[in-house]
Structure formats: structure tokens, C-alpha cells
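Let's take a walk through this structure together, one topic at a time. Please have a look at the fold before reading on.

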Amino acid sequence: TFTVALDKLTGKEVWRSKVYRPAYGSPVAFEFKGKTYIATLKTDGLVILDAANGQTVAFQDWRTSFRTNSTTPVVIGNKIFISTGYRRGCALFEFTGDGLKQIYTNKNLSNHMNNSVVIGDYLYGFDGNTHMLGPKQLVCLRLADGAVQWRKDGYRCGSLIGVRNHLLVLGERGNLALGPASPKAFQPSTEAQVLKGKCWTPPIYANGRIYARNATGDLVCIDARPE
């Protein structure tokens, strides 16, 4: 499939990229030395496109079992973090303007389908696959070198977002937790069972309210505004 750019006012196609096998994540725009680029993780690997014309600027092979590169690249400055499931692991690359330089790769964190988040110098995400044996844990990595800071059970293959230097975590079975993002441990300041069934969609925080849903479409809204 193509990555396609459309004129937002008219819907007219501006460009389409070279063909790569489709995956499940979204393209991410980022700036480097005054130019805009697009990072997208296809089934074949990590692709960097010139946002002006859709030309491939850099490519890094990255293939996962069952053709399931299901996550979106995490861009921090000119560094790009990717992680995929089935024990494929994770990697951090540096974009140089015309190529990708690998900083590290390891199997400390394999995101099946929900992205990790970066807060400060650390990265937080879920390791493990929903339907496979083995650990399913919330993990903290040091971004610079990929070293594990801690692992925590109890949320299976859940999802999370960062909110004001806190982690808002929705467990796979509907337990919602909020606690400080820390490289020492995840210690929730509050936690509650808010849903039943499978919960694979990240929670949303907006205007002081938390929204969460499960796989059957049940939606809950939690008022998180200060009293």
C-alpha cells in the first residue's frame, strides 16, 4: 500500500509514496534541520519519507511474525523508537537526514498493539502478547540505552497514556490506574475496576475527564476534575 498525502482543504491527492506492505500503525510527522519528514512503520520496516514529495529518505528492515507491525513510531527529536510483538523486541534509531543509525536493539519490550510513551528520560509500555503464553507486564526502560528499570504485573496487555508526568494505565481486563511516572516503580495513587471484558483501546483524558472503552463498545467516563 501507499502512504498518501492529501490537501486538507480540497481532499486532492498531493503525492503517494513507494509501495510497502501495509501495517497497522499511523504515520508521524517530525522536523529535522528545517524540513518535515514522515516516519511510518510498515510490515517491511521503518520508513522515513520526505513530507514535501513522499520520496523515501531512509529505510530500516524490521519484520515481525505474522506480519504484525502494529504500532506507531515514537519520535523524540531526531531519534525514533519502535517496538513490536511476538518477542521481536524494540529498537532506537537516530535519523541523520539521509539514513537511520541504530543506537540499540533488544527484546526487553515487545509492544503487541499498544504504543509506549516517553516521559523525561524514560519509556513506559507493555511487554507481551495478548494470546500467547509468557509474561505480560508493564515495563519501564531507560530511553538512552534500553535498560529495564522495572517490571510490573497486574495489567496484562493493557494500554497507557502520559498525563502531566503521570501514567494513566488501562489494564486488559478493565482496571484503570493513575500514578506518577517514575523509573523506580509504578505505584498507583488511585485504581479502580471501571470495565469488564477485553480492553485494548488506550484511555483518553480530556477536560478533566477520563474516557475508556472495551472491545464490545461499552464506554465509561470518569470525572477526574479536582473537587
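## A charged pair between strands

Lys-35 counts as partly exposed, with a relative accessibility of 37%; here buried means under 20% relative accessible area, exposed over 50%, and partly exposed in between, using a 1.4 Å probe and protein chains only. The side chain of Lys-35 meets that of Asp-50 in a salt bridge, 3.0 Å from N to O. Asp-50 belongs to strand β5 (residues 45-50) and Lys-35 to strand β4 (residues 35-41), so the pair ties together parts 15 residues apart in sequence. Asp-50 is buried, at 10% relative accessible area.

A salt bridge here is a side-chain nitrogen of Lys or Arg within 4 Å of a carboxyl oxygen of Asp or Glu. Strands (E, at least two residues) and helices (H or I, at least four) are DSSP runs numbered from the N terminus.

## About the model

Keep in mind that this is a predicted model: local features need pLDDT of at least 70, side-chain atom pairs count only at pLDDT 80 or more, and totals for chains, interfaces and linings use all residues. Residues are numbered from 1 along each chain as its sequence is written, and side-chain values use heavy atoms, with hydrogens and water left out.

## Overall fold

The protein chain has 21 strands and 0 helices. Its C-alpha trace spans about 50 × 40 × 35 Å along the principal axes. A compact globule of 227 residues would have a radius of gyration near 17 Å, and the 18 Å of the protein chain agrees with that. This radius is taken over C-alpha atoms, and the globule rule is 2.2 Å times the number of residues to the power 0.38.

Of the 227 residues, 45% are buried. Among contacts with a separation of 6 or more, 40% join residues 24 or more positions apart, where contact means heavy atoms within 4.5 Å.

## More salt bridges

The structure holds 10 salt bridges. One of them joins the side chains of Arg-63 and Asp-61, at 2.7 Å from N to O. Both partners are partly exposed: Arg-63 has 44% relative accessibility, and Asp-61 has 35%. These two residues also take part in a network of salt bridges that includes Arg-21 and Asp-44.

Arg-156 and Glu-172 form another bridge through their side chains, at 3.3 Å from N to O. This pair links distant parts of the chain, 16 residues apart: Arg-156 sits in the loop between β14 (148-152) and β15 (159-163), and Glu-172 in the loop between β16 (166-170) and β17 (175-180). Arg-156 is partly exposed at 27% relative accessibility, while Glu-172 is buried at 6%.

## Cysteines

How many disulfides are found in the whole structure? The search finds 0, taking a disulfide as a pair of cysteine sulfur atoms within 2.5 Å. For Cys-140, the nearest cysteine sulfur is that of Cys-90, 12 Å away. Cys-140 is buried, with a relative accessible area of 0%.

Cys-157 has its closest cysteine sulfur in Cys-199, at 13 Å, too far for a bond. Cys-157 is buried as well, at 4% relative accessibility.

## The surface

The accessible surface of the protein chain comes to about 11,600 Å², and 51% of it belongs to carbon and sulfur atoms. Accessible areas come from the Shrake-Rupley method with a 1.4 Å probe; for residues, only the protein chains shown count as cover.

Phe-2, Val-4, Leu-6 and Val-19 make a nonpolar surface patch of about 350 Å². Val-19 is found in the loop between β2 (13-16) and β3 (28-32). Patches are made of residues with over 30% relative accessible area and no salt bridge; like charges are joined within 9 Å, and nonpolar side chains (Val, Leu, Ile, Met, Phe, Trp, Tyr) within 5 Å.
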